[in-house]
Protein chains: 2
Amino acid sequence: MNSWNGLLKQYKDYLPISENTPGLSLNEGNTPLLKLDQLSQELGISLYVKIEGANPTGSFKDRGMVMAVAKAKEDGSDAIICASTGNTAAAAAAYGARAGLRCIIVIPKGKVALGKLAQAMIYGAEIFEIDGNFDEALRMVRNIAETEPIALVNSVNPYRLEGQKTAAFEVCDQLGKAPDVLAIPVGNAGNISAYWKGFKEYVNDGKRPQMRGFEAEGSAAIVQNRIIPNPETVATAIRIGNPASWHLAEEAVLESQGKMDFVTDEEILDAYQELAKKEGVFAEPASCASVAGVMKQVASGEIEKGSSVVAVLTGNGLKDPSTAMDNVLVKPRVVEADKEKFMEELKGCVSH
Amino acid sequence: MNSWNGLLKQYKDYLPISENTPGLSLNEGNTPLLKLDQLSQELGISLYVKIEGANPTGSFKDRGMVMAVAKAKEDGSDAIICASTGNTAAAAAAYGARAGLRCIIVIPKGKVALGKLAQAMIYGAEIFEIDGNFDEALRMVRNIAETEPIALVNSVNPYRLEGQKTAAFEVCDQLGKAPDVLAIPVGNAGNISAYWKGFKEYVNDGKRPQMRGFEAEGSAAIVQNRIIPNPETVATAIRIGNPASWHLAEEAVLESQGKMDFVTDEEILDAYQELAKKEGVFAEPASCASVAGVMKQVASGEIEKGSSVVAVLTGNGLKDPSTAMDNVLVKPRVVEADKEKFMEELKGCVSH
């Protein structure tokens, strides 16, 4: 059965691994590709989700981070540094801990979900909050890594994309071929770029998928073709106004004959609840931009009926419990510990 | 690579599956077995963790729930019901959603971590809070299931243990044999019973492991051999004063020449932080009772040096972010967005 020992071992022939690269792993990768039965039927497509929240720290970031941290260790760094809104910080902290490297994380003050901040802290990362937004934090860590013996592990680190591309390999292996469409949330734009790199390396004979990226409306820098100084969206993990991999993402869309599009917060939250209530899948709000985008483009006819579509769910719903709480409509009902009263209450309820 | 399609398919020959059992799955099981390098060295044993938090809803409960809900659907129930402190509720709600069954959850008022409650709610479960503790909630759902066409999916449902035993199968397959010791948190005592059942069914020739169960000190009903009316522990998922599978758990310990023991909240929180900071593994506090117990029994000599030990981590750390926040010692430092000031601050810090 499970002979999985993490990405560096599984895909060593496709990754920049030398004999000196440490065998770092938290058993990342090998995440489920789940067919969504009810939504497939409703939309008239074959819809699958790649559940990246099953990774060790609960997001796709683990794929790139295991590669970046392994190379930092191989290159003799004794610390790693990054700027992050949350998921990157958690992944860096976990792999830093596993590798025995000091991990320094710079985040914008406020606006980071409790669970995410807690996670980096529990892994023992040293966390600094700066008075500024994500882009300013990113500028600072870039500057520091240029002059100090500290490895930058933000997505501008090329090893990150190398690790992340393995998700495309898995999609092909799990589906038996590439899907017609790959739908993916776009924040810093590294992941869409990595998937496309992965498909190009892995699919030589067959058809490669159209890459369809979805930004949140309030931070749709690429769609609007302008830097957004104060991005706003409920999908915090993609609330980024100046994506680091902007041009790679545009290339991916162009080369694959796909599209960069946006979805509203309302569409994201609707997809978030549909996924949970109809399929039993609880994904981080930002993740649901992909499924929301699929719904939008099926309705508009841009995704054809009958297509096979893989939507990437980038993070675990448990990453952001407060969004769940804010958007749950049915509150618990308080009843006495008495069977008859309970049954009265129960029979009076309308099933959701 | 990944041809995994969930437990009912993978282990159909070992499970009570008929031709009428629906192929229910959220791709549960196949969770990582991770070697803990640093803690193994420190303790002088080969220590592995079975990371059950990688399951679809973030805990081992998914294993039993997929089996129980599939049988409920096969038997014609149109609803499932359970009493739960959190993880069971989340699993029932997710599989209920996936199977298209109404899901009714009864919980004790208060004392359930935010993330857990949010999870069941987002999956669309109908949640009732009763003025009473867990044991009173359990009594009520048992009574209801006796007279109404509603399937009880608490751990007294025998299908739950059938599903849960598959974790023992995976441990054997991943390790290539059974370990010398299986260490596991004990709350309702279903999981230790299920693992032992699994080892007995799966290991015919080789040696079976000693089952070492660990209750929290404040809810150590089995160790103290008495019902605990008001159990108290930071490990909420095992805060149970009258375990449903009490006698099965005692049998497992007796037959395997293991031991039922307890650990303090301090030991649990210490293991919780050690796991995260030294190994990059973030598990729910209750999970860490197993690792805390291993540390305790290695120190006492009850677990021999050189043993191969698998400690079960029952749930994902993201299930309970507030415990993480309460126990993180280093708070974020706020600095100006200025490189020189940042470097001064950074160099002045002592690495953890």
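This text leads through a predicted model of two chains, from the domains of chain A to the contact between chain A and chain B. Residues are numbered from 1 along each chain as its sequence is written, and chains are lettered from A and ligands numbered from 1 in the order in which they are written. Because the model is predicted, local features need pLDDT of at least 70 and side-chain atom pairs count only at pLDDT 80 or more, while totals for chains, interfaces and linings use all residues; side-chain values use heavy atoms, with hydrogens and water left out.

Chain A is divided into domain 1 (7-59 + 158-327) and domain 2 (60-152), with bounds that come from an automatic or database domain assignment. The centres of these two domains, taken over C-alpha atoms, are separated by 22 Å. In the contact between them (heavy atoms within 4.5 Å), domain 1 of chain A supplies 46 residues and domain 2 of chain A supplies 33 residues. The buried area, which is the accessible area (1.4 Å probe) that two parts lose on being put together, summed over both, is about 3,300 Å² here, and carbon and sulfur atoms give 56% of it.

Two salt bridges are counted between the domains of chain A, a salt bridge being a side-chain nitrogen of Lys or Arg within 4 Å of a carboxyl oxygen of Asp or Glu. Side chains of opposite charge can pair when their charged atoms come close. Between domain 1 and domain 2 of chain A there are also 17 residue pairs in polar contact, both residues at pLDDT 80 or more. A polar contact is a pair of N or O atoms within 3.5 Å; within protein, one must be able to donate a hydrogen and the other to accept it, and residues adjacent in sequence count only if both atoms are side-chain atoms. On the side of domain 1 of chain A that touches domain 2, the elements giving two or more residues are helix 1 (7-10), helix 7 (158-164) and helix 8 (166-175). Helix 7 of chain A gives the most, with five residues. Helices (H or I, at least four residues) and strands (E, at least two) are DSSP runs, numbered from the N terminus.

The contact between the chains takes 84 residues from chain A and 84 residues from chain B. Together they bury about 7,400 Å², 67% of it on carbon and sulfur atoms. Six salt bridges cross this interface. In the salt bridge of B:Arg98 with A:Asp37, the closest N and O atoms are 3.8 Å apart.

An open sheet of five strands has the order 6(A)-3(A)-4(A)-5(A)-11(B), with parallel pairing. Its edge strands, each pairing on one side only, are strand 6 (151-152) of chain A and strand 11 (333-335) of chain B. Strand 5 (residues 126-130) of chain A is joined to strand 11 of chain B by three bridges, and A:Glu129 stands opposite B:Val334. Strand 11 (residues 333-335) of chain A likewise runs parallel to strand 5 (residues 126-130) of chain B, over three bridges; there, A:Val335 has B:Ile130 as its bridge partner.

Within chain A, A:Glu126 forms a salt bridge with A:Arg102, the closest N and O atoms being 2.6 Å apart. This pair links strand 5 to strand 4 (residues 102-108) of chain A, its residues lying 24 residues apart.

Notes. Two strands pair if DSSP finds at least two bridges between them.
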